[in-house]
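Visitor: I am new to this one. Could you walk me through it?

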Amino acid sequence: MNSSASSAAAASGTSHIPNVVSIAGIDPSGGAGVFADIKTFSALGAFGCGVVAALTAQNTQAVTGVHVPPTDFLRLQIDTLFADVRLHATKIGMLGSAEVTATVADRLAHWQAARVVLDPVMVAKSGDSLLAKSAIAMMREALFPQAFMITPNLPEAGVLLEQRAPESVKEMYRAAERLRELLPQSSERWVLLKGGHLPGNELTDLLFDGDRMVELPARRIDTRNTHGTGCTLSSAIAALLPQTAGDFRPVEAAVRHARQWLVNAIAHADQLAVGSGHGPVHHFHALWRVRNGSD
């Protein structure tokens with residue numbers, strides 16, 4: 001089916017539950033990547049689809065290997081899905097290589113993907129690299145034009161801007177402005193710059209559309225179980241954007257809702273017992289009851 005046929009099929013869709021796809025890597029421990037994204041979509045009222053852009057051998061302590069599937073098969077995954085399923089938002093996560101990044105950018109442009117939320121995943125919580133250096137320029141040149149929102153943390157912002165990472169909220173302001181300059185200027189595009197790497201218990205994220213800068217404060221939660229927070233936040237935003245379209249300041253509403261949901265997922269993370277390193281957040285904290293007693 002070509003893109004015009006896909007558009008006609010989308011126009012005939014009647015579902016009120018949004019379909020959202022994650023194009024990202026696989027984390028076998030379930031805390032990050034496609035598995036975490038689909039949990040997030042499900043928890044927030046969206047139907048989750050997934051395209052595998054990379055595979056990792058990974059647990060809560062380390063990444064011990066990365067395998068990138070052939071780009072021809074990645075292209076086939078994307079084309080087969082988009083030709084059939086009406087997708088209301090697309091989340092992009094770990095891509096791994098320049099070739100994968102270029103393929104994803106090409107197919108998103110072909111299908112005119114809506115509400116692309118790009119999380120520029122570069123390093124795992126364990127400190128292991130997840131993106132080849134050659135892919136960074138490709139991301140800026142080919143994927144940024146497709147992105148409705150980018151969600152870098154401070155080290156990622158430094159890499160994207162080819163400078164040191166911001167070390168204060170004041171420096172974050174300038175970085176957010178420069179990041180927005182990397183996105184198309186002719187249409188609505190957003191930067192969510194995450195301030196979790198700054199020291200202290202008070203955290204600030206910045207949401208910027210080129211005109212209005214919104215400070216989003218939060219308090220750091222005392223837990224080591226924060227694996228996959230970046231993946232989870234970006235997928236939460238992707239799940240909520242189609243559902244806040246009629247709200248006042250819909251993008252800000254989606255981001256605020258996603259952040260509060262993530263705060264609660266982190267606050268309940270210690271209810272889980274997954275691995276012995278940085279465990280995952282609790283995606284289903286609002287849906288699962290904790291039962292007393294032991295196994």
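**A walk through the model**

Visitor: Where is Thr101 placed?
Guide: This is a predicted model. Thr101 has its place in a helix, and that helix covers residues 98-111. The helix is α4.

Visitor: Is Thr101 buried or exposed?
Guide: Buried means under 20% relative accessible area. Thr101 has a relative accessible area of 0%. So Thr101 is buried.

Visitor: Which residues is Thr101 in contact with, leaving aside neighbours within four places in sequence?
Guide: Contact means heavy atoms within 4.5 Å. With those sequence neighbours set aside, the contacts of Thr101 are Leu95, Ala135, Met138, Met139 and Leu143.

Visitor: What distance separates the end C-alpha atoms of α4?
Guide: Helix α4 has 14 residues. At 1.5 Å a residue, α4 should span 20 Å. The model agrees, because the end C-alpha atoms of α4 are apart by 20 Å.

Visitor: Which residue takes a positive phi just after α4?
Guide: Step just past the end of α4. The phi there is about 50°. The residue is Gln112.

Visitor: How many bridges join β2 to β3?
Guide: Strand β2 spans residues 47-58, and β3 spans residues 63-67. The two run antiparallel. They form a hairpin, with four residues between them. In this pairing, Thr56 has Val66 as its bridge partner. The number of bridges joining β2 to β3 is four.

Visitor: Which backbone nitrogens does the side chain of Asn59 reach?
Guide: Asn59 lies in the loop between β2 and β3. It is partly exposed, with a relative accessible area of 38%. Its side chain reaches one backbone nitrogen at 2.8 Å, that of Gln61. At 2.9 Å it reaches another, that of Ala62.

Visitor: In which sense do β5 and β6 pair, parallel or antiparallel?
Guide: Strand β5 covers residues 116-118, and β6 covers residues 149-150. Leu118 stands opposite Ile150 in β6. The strands pair over two bridges, and the sense is parallel.

Visitor: How far apart are the C-alpha atoms of Met172 and Lys194?
Guide: Met172 is found in helix α7, residues 169-181. Met172 is buried, with a relative accessible area of 0%. Lys194 is 22 residues apart from Met172 along the chain, and it is among the contacts of Met172. Their C-alpha atoms are separated by 8.9 Å.

Visitor: How many disulfides does the count come to?
Guide: Cys49 counts as buried at 10% relative accessibility. Cys231 counts as buried at 13%. A disulfide needs two cysteine sulfur atoms within 2.5 Å. By this rule the count is zero.

Technical notes. Residues are numbered from 1 along each chain as its sequence is written. This is a predicted model: local features need pLDDT of at least 70, side-chain atom pairs count only at pLDDT 80 or more; totals for chains, interfaces and linings use all residues. Side-chain values use heavy atoms; hydrogens and water are left out. Two strands pair if DSSP finds at least two bridges between them. Buried means under 20% relative accessible area, exposed over 50%, partly exposed in between (1.4 Å probe, protein chains only). The expected span of a helix is 1.5 Å times one less than its number of residues. A polar contact is a pair of N or O atoms within 3.5 Å; within protein, one must be able to donate a hydrogen and the other to accept it, and residues adjacent in sequence count only if both atoms are side-chain atoms.
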